[in-house]
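Thanks for coming, everyone. Please have a look at the model on the screen, and then we will walk through it.

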Amino acid sequence: MEIAIIAHDGKKDEMLAFIQKNRAILSREGIELIATGTTGGIAQKEGFEVLRMLSGPLGGDAQIAARVAEGKTNMVLFFKDPLGKHAHEPDINMLLRVCDVHNVPLATNEASAQLLLHAIE
């Protein structure tokens, strides 16, 4: 199962705490993590194996959306900063739409991400 992790700059600390708290699930055999560039780098520093895409503003969101459309990514954990402005907002909206079109579970905050991980536990 491939799980994408993405976090806006204002949510990266929250994502770091989340993946550390859920290390047992996210490190299980059969779970593969992908991430946008900076978020993936943070996860790698914590010892997670992560396939890193480009950073979000450079197209990483679009790369992950393509993997969702291809049936490679099975779940997206995207800690969005709802109060921040993001130059790559069209890519973000496209990723959300692609998840809906392809019926891929998407969590945009810690509470919904925790529920999705409990579902696969």
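For the cut-offs, buried means under 20% relative accessible area, exposed means over 50%, and partly exposed lies in between, with a 1.4 Å probe and protein chains only.

Some ground rules. This is a predicted model, where local features need pLDDT of at least 70 and side-chain atom pairs count only at pLDDT 80 or more, while totals for chains, interfaces and linings use all residues. Residues are numbered from 1 along each chain as its sequence is written, and side-chain values use heavy atoms, with hydrogens and water left out.

Back to Arg-52. Arg-52 sits in strand β3. Strands here are DSSP runs of E, at least two residues, and helices are runs of H or I, at least four residues, both numbered from the N terminus. What does Arg-52 touch, leaving aside its neighbours within four places in sequence? Its contacts are Ala-35, Gly-37, Gly-40, Gly-41 and Gln-44. Contact means heavy atoms within 4.5 Å. One more distance: Arg-52 and Thr-108 lie 56 residues apart in sequence and 19 Å apart in space, C-alpha to C-alpha.

Now the sheet. Five strands make an open sheet, ordered β3-β2-β1-β4-β5, with parallel pairing. Two strands count as paired if DSSP finds at least two bridges between them. At the edges are β3 (50-52) and β5 (106-107), each pairing on one side only.

Go through the pairs. Strand β2 (residues 32-35) is joined to β3 by three bridges. Leu-33 has Val-50 as its bridge partner in β3, and Ile-34 stands opposite Leu-51. From β2 the chain crosses through helix α3 (residues 37-45) to β3, a right-handed β-α-β crossover. Right-handed means that, with the strands pointing away from the viewer, the path from the first strand over the helix to the second runs clockwise.

Next, β1. Four bridges pair β1 with β2, and Ile-5 is partnered there by Ala-35. With β4, β1 pairs over five bridges. Ala-7 stands opposite Phe-79 in β4.

How many residues of β1 are buried? Six of its six. Both faces are covered, with Glu-2, Ala-4 and Ile-6 on one side and Ile-3, Ile-5 and Ala-7 on the other. In general, side chains in a regular strand alternate between the two faces of the sheet.

On to the helices. Helix α6 (residues 110-120) lies across β1, β4 and β5, at about 155° to β4. Axes are lines fitted to C-alpha atoms, for helices over the stretch in contact, and angles run from 0 to 180 degrees between N-to-C directions. Gln-114 belongs to α6. Gln-114 counts as buried, because its relative accessibility is 14%. Beyond its neighbours within four places in sequence, Gln-114 contacts Phe-18, Lys-21 and Asn-22.

Then α4. The buried residues of α4 are Gly-60, Asp-61, Ile-64, Ala-65, Arg-67 and Val-68. Seen down the axis of α4, they fall within an arc of 160°, so they line one face of the helix. The arc is that of the directions from the helix axis to the C-beta atoms. Just after α4, Gly-71 has a positive phi of about 85°.

Last, the cores. A nonpolar core is a set of buried Ala, Val, Leu, Ile, Met, Phe, Trp, Tyr and Cys residues joined through side-chain atoms within 4.5 Å. The largest has 22 residues, and those with the most contacts inside it are Ile-3, Met-15, Phe-18, Ile-19, Leu-77 and Leu-117. At least two residues each come from β1, α1 (12-21), α2 (23-26), β2, β4 and α6. The largest share, four residues, is from α1. Another core, of 15 residues, lies apart from it and includes Met-53, Phe-78, Leu-95 and Leu-96.
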